[in-house]
Amino acid sequence: MTDPYRVALEDTPVTARIAVPSAGMRALPHLAAFLGGRELVAFDGAPVACVVGWGDKPSGQSARREAARRHIPFTLLEDGFIRSVGLGKAGAPPVSVVLDDRGIYFDARTPSRLEALLMSPDWLTPDRREAATAGLDRWRHERLSKYNVGVENSRDDDRRFVVLVDQVAGDASIPGALATAATFDAMLAEALATHGAGGLAIRSHPDVAAGKARGHLMAAARKQGVTVLDDRRPPTRSSTAHPQYGQSRAG
């Protein structure tokens, strides 16, 4: 019986050719190893077992179309939740990627493999739950983030804020979350009306803080006198103790 938790790529032979139309994707370090050591090729007319693209970018959209036309599986890749040490836009290679043969996790408009797993009650076994809990504890203790560009901040600042998280303008996750640029304006307006400028802080995206992209909230926040957290400080530690990693401090 077919394992419902196996992605389509796992059922292709290790000798199979995998079409990766994007030259940038084919240049990713260790991508062939991540895809099981299978040969990665551009479309050259020869048979391929699967088409791989990137998220909701043109390569991902092309992968869906070509797979449907050829009646073969597609698989989408995206940045892993711990993406790298440093920014991708600065050339830092990924240390993890997400593989999804149904959609992509940030897009609420279509199903995804992650969504299907989370909705399957028998998938979250006690062992998986224990491993996930340990992983989250380790994540908090090590103060990890997606890009890990943070530096320890020595400022003694005990102020408490309601934090609004900004996103890069034009990012595919925004329409994927059924939102628009106007959603950010509405979020800021509601927060200002509820908490006032002094009770708010905006967390800029690391690409915006590094000057490599534009966000939605920065200009309006500064005009309103809202605190902007763009100093790339790492996430604060949880105050929850873990037997392996000891007591974390609240920061």
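Which residues have the most contacts inside the largest nonpolar core? Keep that in mind as we walk through this predicted model.

**Start with the whole chain.** Show the protein chain as a cartoon, and you can trace nine helices and eight strands. Of its 251 residues, 36% count as buried. Now think about how the chain folds back on itself: among contacts between residues at least 6 apart in sequence, 62% join residues at least 24 apart.

**Next, go inside.** Select L164, L188, I202, L217 and M218: these have the most contacts inside the largest nonpolar core, which has 15 residues. Colour α7 (181-195), β7 (200-203) and α9 (218-224), the elements that each give two or more residues to this core. The biggest share comes from α7, with three residues.

**Zoom in on L188.** Leaving aside neighbours within four places in sequence, L188 touches L164, L200, I202, L217, A220 and A221. Show those side chains together to see the contacts around L188.

Select F81, L114 and L118, and you will find a nonpolar surface patch of about 290 Å². F81 sits in the loop between β4 (74-79) and β5 (97-100). Is F81 buried or partly exposed? F81 counts as partly exposed because its relative accessibility is 42%, and buried would need under 20%.

Technical notes: Residues are numbered from 1 along each chain as its sequence is written. This is a predicted model: local features need pLDDT of at least 70, side-chain atom pairs count only at pLDDT 80 or more; totals for chains, interfaces and linings use all residues. Side-chain values use heavy atoms; hydrogens and water are left out. Helices (H or I, at least four residues) and strands (E, at least two) are DSSP runs, numbered from the N terminus. Buried means under 20% relative accessible area, exposed over 50%, partly exposed in between (1.4 Å probe, protein chains only). Contact means heavy atoms within 4.5 Å. A nonpolar core is a set of buried Ala, Val, Leu, Ile, Met, Phe, Trp, Tyr and Cys residues joined through side-chain atoms within 4.5 Å. Patches are made of residues with over 30% relative accessible area and no salt bridge: like charges are joined within 9 Å, nonpolar side chains (Val, Leu, Ile, Met, Phe, Trp, Tyr) within 5 Å. Accessible areas come from the Shrake-Rupley method with a 1.4 Å probe; for residues, only the protein chains shown count as cover. A salt bridge is a side-chain nitrogen of Lys or Arg within 4 Å of a carboxyl oxygen of Asp or Glu.
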